[in-house]
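Open the model in your viewer and keep the selection panel at hand. We will go stop by stop.

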Amino acid sequence: MDCAQANVLRMSVQLAYFREYQERISGLIGASQAKELVNKALVLVSVGGNDFVNNYYLTPFSARRRQFALPNYVTLLISEYRKIMMTLYESGVRRAILLGSGPLGCAPAEIALHSSNGQCATELQAAADLFEPQLVKLVQEVNAQLGDHVFIAANTKLMHHNIITDPQAFGFENSNTACCGQGPFNGVGLCTPWSSLCENRDKFVFWDAFHPTERASRYIVEQMVNGADEYMRPMNISTIMYLDSNM
């Protein structure tokens, strides 16, 4: 939503780029076909993660932490996301998956900052636990208002849960250390040519300080495509494709 201090594009700027993209497409294929293209697209929107990690919890005395208690900050985020969802709908989006906050406290960067024993940072996990149910509730309310299942909430925190808490059961060996990085848990800074690099990235859940490896990502995507209601609400991607193919 508002992470300019961490070099993350504000959502308002991203939405402006989306409108600019639509104008360019209209110039190439015409307004009618451009509208149909957007109407039939499946849009992915990542919400929550940066607003916590690169804003609220960026420093112990960040402006947002001084301004809001955590529950009030989550309420603010949800109200802002409602506006974003309506803007997307008004821009022609008819199917959008909202990726939740993810396992905030379990990223190697946050473990390096907040944990001495390699366990997930409890404060950030508590923020995700507070945020995810409210995101689902928001999706239900907006869909009811629109009279259609336009938005789908993807509980990416829960999707990561199994491979983080029991990595060996899924063929991973490590779930709290990045394959590429430096410092404690390889969670400090960026992955560079001078970083410490693991021998086999397929054995690691995290590639760098924040992002999962390709193999872990494939597991997450599988839950998005075929996962149960606890992962994807109100439906998974397979159901979306089936419904849209019969329209």
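This is a predicted model: local features need pLDDT of at least 70, side-chain atom pairs count only at pLDDT 80 or more; totals for chains, interfaces and linings use all residues.

Residues are numbered from 1 along each chain as its sequence is written, and side-chain values use heavy atoms, with hydrogens and water left out.

**Stop 1: the sheet**

Select the strands in the order β1-β2-β3-β8: they form an open sheet of four strands with mixed pairing. Strands here are DSSP runs of E with at least two residues, helices are runs of H or I with at least four, and both are numbered from the N terminus. Two strands pair if DSSP finds at least two bridges between them. Why is one side of β1 and of β8 (232-233) left without a neighbour in the sheet? Both stand at the edges, each with a single partner strand.

Go to β1, residues 43-46. Four bridges join β1 to β2 (residues 96-99), and the two run parallel. V43 and V45 are on the covered face of β1, L44 and S46 on the uncovered one. In a regular strand the side chains alternate between the two faces of the sheet.

Now pick S46. Opposite S46 stands L99 in β2. Step on from L99 to A154 in β3, which it stands opposite. β2 and β3 (residues 151-154) are parallel too, paired over four bridges.

**Stop 2**

A pocket is found on a 1 Å grid over the protein atoms alone, as an open set of points where a 1.4 Å probe fits, with protein on both sides within 12 Å along at least five of seven lines; lining residues have an atom within 4 Å of a point. Grid points are joined across faces, edges and corners, and a volume is the space filled by probe spheres set on the points. Colour the lining of the largest pocket by class: 31 nonpolar, 13 polar and three charged residues. Nonpolar covers Ala, Val, Leu, Ile, Met, Phe, Trp, Tyr, Cys and Pro; charged covers Asp, Glu, Lys and Arg; the others, Gly among them, are polar.

Next, select V53, N54, A109, E110 and F210. These lie nearest the centre of the second largest pocket, which is lined by 19 residues. The space in this pocket is about 310 Å³. Helix α6 (108-114) gives the most to its lining, with four residues.

**Stop 3: the rings**

The structure holds eight aromatic pairs. Rings of Phe, Tyr and Trp (its six-membered ring) pair if their centres lie within 6.5 Å; planes under 30 degrees apart count as stacked, over 60 as edge-to-face and the rest as tilted. Show F18 and Y21: they are stacked, 6.4 Å centre to centre, with 15° between the planes. They are three residues apart in α1 (residues 11-29), about one helical turn. F18 is buried at 19% relative accessible area; Y21 is partly exposed at 38%. Buried means under 20%, exposed over 50%, partly exposed in between (1.4 Å probe, protein chains only).

Finish at F68 and Y73, a tilted pair at 6.3 Å and 45°. Y73 is buried at 0% relative accessibility.
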